[in-house]
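Subject: The structure I promised you

Hi,

Please have a look at it first, and then read on.

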Amino acid sequence: MTNTQVTLIQIDNYGPWTVTPEPRREVDLQTLQSRLYADLSQLFGNRDGYVFFSRFDNMIAVTNGIGMDAHALVQESVANRYPVTLSLSVATGDTPAAALDTASTQLQDAGSAQAKDRREILRGEPLAEDRRTTEDLQVAHFDVNDATEKYTDRIGAFDTFIHIEQGYAELMRYLREAHDSLAFFVGGDNIIAVCSSLDETAYRDAIAHVREVVDVDLKVGVGRARTAQPAGMAAKHALEVCRHDGLDVVFDEP
């Protein structure tokens with residue numbers, strides 16, 4: 001099993017705000033969302049966490065080692081710099097999906113995402129220090145085999161995007177349903193997954209499934225560590241071994 005701490009990040013009352021007192025320009029909303037994601041990525045990243053943009057008005061962070069006081073400081077920083085506020089729900093679980101399900105329920109119990117009186121909720125509990133280990137998180141970094149040669153340099157940009165997104169969507173669905181794990185597109189042809197304790201066979205099965213269903217070939221590097229950033233870096237190093245040696249699955253774990 002893993003010990004995953006997840007924080008669900010939700011912009012308060014965002015839908016109504018975007019049309020009050022009248023609909024706001026989409027370009028301004030897109031700019032706000034992207035800047036907010038960048039700031040949150042840095043705020044949590046400076047504390048060894050990962051933030052994934054999800055739907056932008058909802059973001060998901062892996063926050064092992066980040067306490068509630070630090071979460072409150074993130075809320076304060078955003079409130080001081082943006083015209084919107086954030087609610088945060090922190091939860092832990094033996095699998096990433098279980099942790100996120102708990103975080104979602106906690107925030108839903110606090111009120112609707114579009115409720116005017118639900119502001120800057122901070123709920124949940126971080127992973128207890130006596131439960132933490134050096135191998136709490138397993139992070140997998142996938143990318144598409146020969147994406148430049150197969151897609152970017154051969155077919156249109158939008159068709160390339162479709163192929164990459166199909167691979168991501170199928171991997172995301174498969175890992176969630178088969179292994180209670182969470183996968184996120186992070187740009188280019190890269191996907192980062194926060195996983196339960198999967199072995200090499202499980203990763204090979206996932207790769208084979210995506211290849212069979214949507215004809216996209218993947219490789220993956222896997223890392224494990226106490227917090228998200230070191231686990232992610234270990235996964236990146238393992239992925240480089242995949243690229244160099246022509247392998248599909250490589251583990252770089254303690």
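This is a predicted model: local features need pLDDT of at least 70, side-chain atom pairs count only at pLDDT 80 or more; totals for chains, interfaces and linings use all residues.

Let's start with helix H3, which runs over residues 68–81. Which residues of H3 are buried? They are Ala-70, His-71, Val-74, Gln-75, Ser-77 and Val-78. These residues cover an arc of only 160° around the axis, so they sit on the same side of H3.

What covers the buried residues of H3? The cover includes strand E1 (4–11), helix H2 (26–45), strand E4 (86–93) and strand E5 (122–124). For H2 and H3, the axes come within 11 Å and cross at roughly 150°. Because of that angle, H2 is roughly antiparallel to H3. The crossing is right-handed. On the H2 side, Leu-36, Asp-39, Leu-40, Leu-43 and Phe-44 take part, and they meet His-71, Val-74, Ser-77, Val-78 and Arg-81 of H3.

Helix H8 (residues 228–245) can be read in a similar way. Its 18 residues reach 26 Å from the first C-alpha to the last, close to the 26 Å expected at 1.5 Å a residue. Buried in H8 are Ala-228, Ala-231, Gly-232, Ala-234, Ala-235, Ala-238, Leu-239 and Cys-242. Their arc around the axis is only 160°, which puts them on the same side of H8. Among the elements that cover them are strand E2 (50–52), strand E3 (58–62) and strand E9 (218–225). Just after H8 comes Gly-246, with a positive phi of about 70°.

Another helix pair to look at is H6 (residues 157–179) with H7 (residues 200–214). Their axes come within 9 Å and cross at roughly 135°. An angle over 145 degrees would count as roughly antiparallel, so H6 is oblique to H7. This crossing is right-handed. Residues of H6 that meet H7 include Gly-167, Leu-171 and Tyr-174, and their partners in H7 include Ala-206, His-209 and Val-210.

Now for the loops. Where is Thr-134? Thr-134 is in the loop between E5 and strand E6 (137–144), and at 55% relative accessibility it counts as exposed. Thr-134 and Ala-225 are 91 residues apart along the chain, yet their C-alpha atoms are separated by 5.5 Å. Leaving aside residues up to four places away in sequence, Thr-134 touches Ala-225 and Arg-226.

Here are the other backbone details:

- Thr-20 and Pro-21 are joined by a cis peptide bond, with omega about 0°. Pro-21 is in the loop between helix H1 (14–17) and H2.
- Asp-180 is not a glycine, but its phi is positive, at about 55°. This residue is in the loop between H6 and strand E7 (182–187), and at 26% relative accessibility it counts as partly exposed.
- Asp-215 is also a residue other than glycine with a positive phi, near 60°. Asp-215 lies in the loop between H7 and E9 and counts as exposed at 57% relative accessibility.

Enjoy exploring!

Best wishes

Methods:
Residues are numbered from 1 along each chain as its sequence is written. Side-chain values use heavy atoms; hydrogens and water are left out. Helices (H or I, at least four residues) and strands (E, at least two) are DSSP runs, numbered from the N terminus. The expected span of a helix is 1.5 Å times one less than its number of residues. Buried means under 20% relative accessible area, exposed over 50%, partly exposed in between (1.4 Å probe, protein chains only). The arc is that of the directions from the helix axis to the C-beta atoms. Contact means heavy atoms within 4.5 Å. Axes are lines fitted to C-alpha atoms, for helices over the stretch in contact, and angles run from 0 to 180 degrees between N-to-C directions. Angles under 35 degrees count as roughly parallel, over 145 as roughly antiparallel, 65 to 115 as roughly perpendicular and the rest as oblique. A crossing is left-handed if the near helix is turned anticlockwise from the far one by less than a right angle, and right-handed if clockwise.
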